[in-house]
Amino acid sequence: MKKKLLSSILAATMVVSLAACGSASSDTTATTTETGDTQTAEADTTEAAATTQTASGDGITITMWTNDRHDMDYIQSAIDTFNSTNTDGITVEFQTVTDNYANQIQLAYQGGTAPDIVTGNGSDISINNFADTGIVIPLNDYISADEEYQKVNDPYNHMYEGYNVKDGNIYSVYSGVRSGVRVEYNTSLITEEIPSTLSDYVALAQKVTDEGAGQYYGIGLTSSGPFGRLLEASAQMSGIYPYDYVNGKFDFSGFKEIVEAGKGLVAAAYPDQQGVDNMRALFAEGQFALWSNASQEVSVFTNQIPVTGFEWGVAEVPTLDGTVKGALNMVPQKGYYILSSSPNQDAAWKVISYLQSEEVMKSYLENGYCLPITDYMAGIIDSSQTGRMVDFATQDYEDVYPPTPSINLTGDDYGTVLWNAVMGYVDVDEAIEDLNTRYNEALEADVASGTVKRLVIKDYDPLHPSKGTAEYLSE
Amino acid sequence: MAGNDGRGKKRIKLRSGGSHEGLASFLMLLPAIIFLIVCSIYPFIWIFRYICYNYNGFTATYTGAANFERMLSDKTFWMSVVHTFEYAFYKLLFIIPLALIIAVILHTRIMGSNVFRGVYFMPTVISSSIAGMIFTFIFATKNGILNSVLQSLHIVSSPIPWLTGTNVVMAAVTILAIWGGFGNYMLYFTSGMDSISNDVYESAKIDGANGVQTFFYVTLPMLSPVLKVVLMLAITGAFKDYEAIMVLSDGGPGNRSMVMFLYIYRMIFGSATSTAAVQIGYGALLSVVAAIIVGIVTAIYLFISRKLDDVV
């Protein structure tokens with residue numbers, strides 16, 4: 001009897017908790033699948049939030065999240081100035097959120113605790129997810145009504161489909177750009193010019209390693225995304241890209257030569273492949289001569305891990321035959337997005353308009369936090385203030401590639417597999433065949449199920465990938 | 001008859017007291033039960049919701065049995081299962097005997113045994129991520145401490161690429177696991193040995209048993225219930241380890257140290273070095289499969305080890 005009673009109570013408790021949890025989870029499902037309803041529900045929530053805020057005082061509090069740490073102090077000081085000088089009673093609260101950034105925003109949005117503004121670099125804020133689910137709002141109306149903003153930020157010439165733009169709607173305007181990959185080298189160990197072909201580059205690395213006789217090496221390779229640090233950049237400039245934009249499918253067949261050349265680099269490399277900061281420190285210590293990364297290395301080798309024992313030079317990435325046949329990908333930086341849950345979207349725009357004003361942007365760019373993206377700002381800043389950023393100035397062949405479909409891939413991504421081929425863990429032909437099969441099978445399955453759309457750019461130009469007309473197909 | 005009546009009354013009294021005790025026990029257990037349901041059972045059921053979906057954290061699309069079909073043909077996942085068994089085998093092979101031997105030595109109350117006990121236990125309180133980072137330096141091919149020691153002792157002639165060699169990375173991962181875990185199991189064994197009565201040891205001594213005989217015929221049998229629990233914890237722990245491996249080798253090189261929970265973690269939370277989107281639905285399915293694998297291993301162990309309880 002006692003056992004029966006206990007079992008009944010236990011069963012009832014379980015049913016109640018599961019039912020409670022079940023209803024909560026149904027709500028979650030609604031927010032993730034039914035976009036239209038979500039917005040309505042969120043609007044209700046925001047009205048309530050607005051009432052609370054208005055009741056709490058005369059001022060308006062705007063919360064802003066960022067995942068950038070390198071410019072945190074500068075942005076905070078700009079916000080402090082804004083808070084003390086603006087006449088609209090707006091106070092900005094600024095928070096840095098770096099782990100699982102996109103998921104944190106999405107969770108906060110669902111939980112009704114989302115900030116008013118979020119920042120994002122490149123595709124940190126995946127527009128296909130954030131726009132489709134109505135989390136961020138289009139800024140077209142705000143932009144068209146603000147001529148000063150248009151003059152400084154040139155938004156209509158920096159619309160990157162799939163990054164900050166979808167279906168003609170502008171969801172953010174980038175403040176600057178991070179350059180594509182460059183070669184950084186130790187001028188004490190390498191006195192000659194950096195070769196323009198990949199084979200000569202490998203030979204140079206081997207020569208320095210031989211000269212070093214175990215004391216120093218030709219090149220350093222990291223364990224963290226090693227393929228993207230040099231070989232992928234070299235492939236892009238050689239006209240090789242994982243996605244065939246014209247036919248709307250993945251194609252890795254061009255990577256064989258790149259992988260083969262990479263094997264020579266491994267043979268000439270520093271024996272360990274450690275995390276990026278460890279390898280940077282070893283470069284700064286003169287343990288190897290060739291390193292490659294984008295314009296963030298300016299701040300790293302100037303402040304974070306200063307190079308003091310030698311002069312470091314900057315050169316362009318080598319290509320397969322020494323000519324540039326494709327664009328080098330660069331990453332647009334610091335876009336500001338307004339969340340649909342914000343009860344004070346107009347005030348949020350005022351904050352964005354201030355942070356992307358000529359005054360704030362000039363100082364931001366001169367501090368070297370990123371490169372200017374607009375001709376107007378490039379003409380205004382004093383480049384003598386930007387230090388080594390001048391070595392990473394945007395080249396004609398640099399552009400932003402439209403994001404490829406975000407597929408549900410089985411197994412490792414192409415960067416991992418191609419690096420495994422470079423290291424000799426897998427055969428290069430098998431690796432390429434495996435990637436072509438897995439990527440295209442996943443693409444076909446996801447397009448068929450409606451999870452993603454196929455991106456096709458009929459007038460695709462490998463030297464100007466962002467200039468084509470993107471079409472998103474359901475089949 | 002009177003006695004019978006008395007016993008009857010006593011029985012009734014006990015039953016009535018038992019009912020109160022049962023209710024009290026149930027009430028005391030209730031918070032724990034609720035927490036178990038909310039924090040453990042509910043999340044597990046939550047996982048089941050997504051096993052038939054493509055879910056990237058934003059949009060969930062029903063895909064039927066597609067995730068299941070993918071799982072069956074996912075070579076990386078099944079290799080990670082093989083690596084998990086390999087890792088668990090190596091870890092258990094060394095960690096349990098080592099923990100037991102150290103526990104027996106320290107139990108003899110040699111001078112400074114408490115200090116040693118503290119020292120051996122210390123790695124357990126260090127975060128496995130921090131330990132992973134520290135061991136990255138220890139295992140470095142150039143200027144790594146381990147290679148320097150091995151070379152100075154003339155055990156190896158050239159440095160071993162611990163973290164970039166596919167044939168040695170599992171050894172590196174196992175060394176870290178043993179270093180980080182054996183103190184914990186040592187403590188379990190020490191506690192178990194403390195509960196063995198001194199009378200038994202004295203009897204053995206009087207019977208003329210030497211140290212080795214005492215260990216095999218007294219300590220080990222008396223310790224068997226503890227050993228059974230420790231082994232079960234060690235097995236389930238070894239199958240679920242992934243944090244230190246993630247920091248030390250990130251499953252590399254070439255997925256050689258990829259264990260199943262690290263692979264699942266990558267599916268659900270993504271990876272800093274991967275361009276692939278998070279796949280919560282598929283990761284959820286793999287979590288269920290992994291739980292079944294661990295469950296089967298545990299059940300087999302419990303079946304095999306059922307006699308360990310009967311020794312005492």
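These legends accompany close-up views of a predicted model.

Figure 1. Chain B contains 13 helices and two strands. Its radius of gyration is 25 Å, whereas the globule rule gives 20 Å for 312 residues, so chain B is more spread out than a compact globule. The C-alpha trace of chain B spans about 85 × 60 × 30 Å along its principal axes.

**Figure 2. The two domains of chain B**. Domain 1 covers residues 2–36. Domain 2 covers residues 74–310. The centres of domain 1 of chain B and domain 2 of chain B, taken over C-alpha atoms, are separated by 43 Å.

**Figure 3. Burial, contacts and surface of chain B**. Of its 312 residues, 43% count as buried. Consider the contacts in chain B between residues at least 6 apart in sequence: 66% of them join residues at least 24 apart. The accessible surface of chain B comes to about 16600 Å². Carbon and sulfur atoms account for 69% of that surface.

**Figure 4. A cis peptide bond in chain B**. The bond joins B:Gly252 and B:Pro253. Its omega is about -5°. Most peptide bonds are trans. B:Pro253 sits in the loop between helix H11 (243–248) and helix H12 (260–269) of chain B.

**Figure 5. Positive phi at B:Asn143**. Phi of B:Asn143 is near 65°. Most residues other than glycine have a negative phi. B:Asn143 belongs to the loop between helix H5 (128–138) and helix H6 (145–152) of chain B. Its relative accessibility is 60%, so B:Asn143 counts as exposed.

**Figure 6. Positive phi at A:Ala213**. This view turns to chain A. A:Ala213 is a residue other than glycine, and its phi is near 50°. A:Ala213 is found in the loop between helix H8 (198–212) and strand E8 (217–219) of chain A. With a relative accessible area of 62%, A:Ala213 is exposed; the cut-off for exposed is over 50%.

Conventions: Residues are numbered from 1 along each chain as its sequence is written. Chains are lettered from A and ligands numbered from 1 in the order in which they are written. This is a predicted model: local features need pLDDT of at least 70, side-chain atom pairs count only at pLDDT 80 or more; totals for chains, interfaces and linings use all residues. Side-chain values use heavy atoms; hydrogens and water are left out. Helices (H or I, at least four residues) and strands (E, at least two) are DSSP runs, numbered from the N terminus. The radius of gyration is taken over C-alpha atoms; the globule rule is 2.2 Å times the number of residues to the power 0.38. Buried means under 20% relative accessible area, exposed over 50%, partly exposed in between (1.4 Å probe, protein chains only). Contact means heavy atoms within 4.5 Å. Accessible areas come from the Shrake-Rupley method with a 1.4 Å probe; for residues, only the protein chains shown count as cover. Domain bounds come from an automatic or database domain assignment.
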